[in-house]
Amino acid sequence: METVGFVGLGNMGSKIVQRLLKAGYKVIGYNRTKEKATPLIALGMQWADSPREVAKLCKITFMSLTDDKAVSAVVEGEQGLLPEITNGKLLIDMSTISPSLSRRIADKIATKHGHMLDAPVSGSPVMLEQGLITIMVGGEHANFIKVKPTLESISSKVFYVGENGQGLILKLAINISLAVQFHAFSEGMLLVQKAGLDMNKAIDILQQSAIASPGIKLRAQFILSPPEHSLFSIKLMQKDLLLALEQGRELGLPLLTASLANEALTAACGQGYSEEDISILFQSMKQMLE
């Protein structure tokens, strides 16, 4: 089975590597803190000492990193992988970053006859474990076809979107809706609570109503009992909304509800909730009214 590289073994990256290993791929991985790699090494992942070493040893290298700064460091920094993505090698970035940064990196790689796909994902760690996240891919279609079987070992829902950066645009559009929907849901549940309705009963009914998206079904109960570990933090959601708002400005497109949701996230960060799951928005909004 083919050997692939993977840089970034955090909450999502580690689970993607697990699925690749389970599908029979040999994986060579790197993470800034090696401790996070220990369980994966026990499962059979090989360790590399730098992103550059990963890319040197693999024809296909994946990345799953937090933000623009992390991606820039891994790609272009000291021991970055950029010099090794040459002569037909492929970089697949599963991070959610600025589409303009992604295109700039893709252009640099193209000058060295390498290739890049942006392949951000939508879904929770639980959905990832079940192979149900959505993967949206931007880049050359021929490269997408080449790696589609590998991507399908991660999830059954893999879609080609268009040229470099367009997978990221779609991911940002999805996260606008996710943030706005949970902001509105929290507001509605404040109304329910203030009116004295049974919250558990209301949540049960709402989960069977017209607003019962996968996001609401997953998080509705969390407003009464927060998850032990954040599935998607306030800080990361705001990072994505700010990227979306930046794209809106570049395109001359006002994103009004995204702006409102972003202000709610700013308030939650100010209350010390930046690392909490986005379901904490209910508690944040309630706190502002007290």
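Helices (H or I, at least four residues) and strands (E, at least two) are DSSP runs, numbered from the N terminus. The structure described here is a predicted model, in which local features need pLDDT of at least 70 and side-chain atom pairs count only at pLDDT 80 or more, whereas totals for chains, interfaces and linings use all residues. Residues are numbered from 1 along each chain as its sequence is written, and side-chain values use heavy atoms, with hydrogens and water left out.

F182 and F185 form an aromatic pair that is tilted, at 5.5 Å centre to centre and 45° between the planes. These residues are separated by about one helical turn, because F182 and F185 are three residues apart in helix α8 (residues 166–194). Both F182 and F185 are buried.

Helix packing was considered next. Two packed helices are described by the angle between their axes and the distance between the axes. Axes are lines fitted to C-alpha atoms, for helices over the stretch in contact, and angles run from 0 to 180 degrees between N-to-C directions. The axes of α8 and helix α13 (residues 281–289) come within 9 Å and cross at roughly 55°. Helices α8 and α13 are therefore oblique to each other, given that angles under 35 degrees count as roughly parallel, over 145 as roughly antiparallel, 65 to 115 as roughly perpendicular and the rest as oblique. The contact (heavy atoms within 4.5 Å) involves F182, H183, S186, E187, M189, L190 and Q193 of α8, together with L281, F282, M285, K286 and L289 of α13.

For helix α4 (residues 68–76) and helix α5 (residues 99–110), the axes come within 11 Å and cross at roughly 10°. Helices α4 and α5 are therefore roughly parallel to each other. Their contact is made by D68, V71, S72, V75 and E76 of α4 and by L101, R104, I105 and K108 of α5.

D68 of helix α4 is partly exposed, with a relative accessible area of 24%. Leaving aside neighbours within four places in sequence, D68 is in contact with I97, S98, L101 and L243. The side chain of D68 reaches the backbone nitrogen of S98 at 3.0 Å. The C-alpha atoms of D68 and K239 are separated by 9.9 Å, although these residues are 171 residues apart along the chain.

N31 is located in the loop between β2 (26–30) and α2 (38–43). N31 counts as buried because its relative accessibility is 10%. A polar atom of the N31 side chain lies 2.8 Å from the backbone nitrogen of L9, and the side chain of N31 also reaches the backbone oxygen of T33 at 2.9 Å. Not counting residues up to four places away in sequence, N31 touches G8, L9, G10, K36 and W47.

Technical notes:
Buried < 20%, exposed > 50% of the residue type's maximum accessible area, 1.4 Å probe, protein only. Polar contact = N/O pair within 3.5 Å; in protein donor to acceptor, adjacent residues only side chain to side chain. Phe/Tyr/Trp six-rings, centres within 6.5 Å; stacked < 30°, edge-to-face > 60°.
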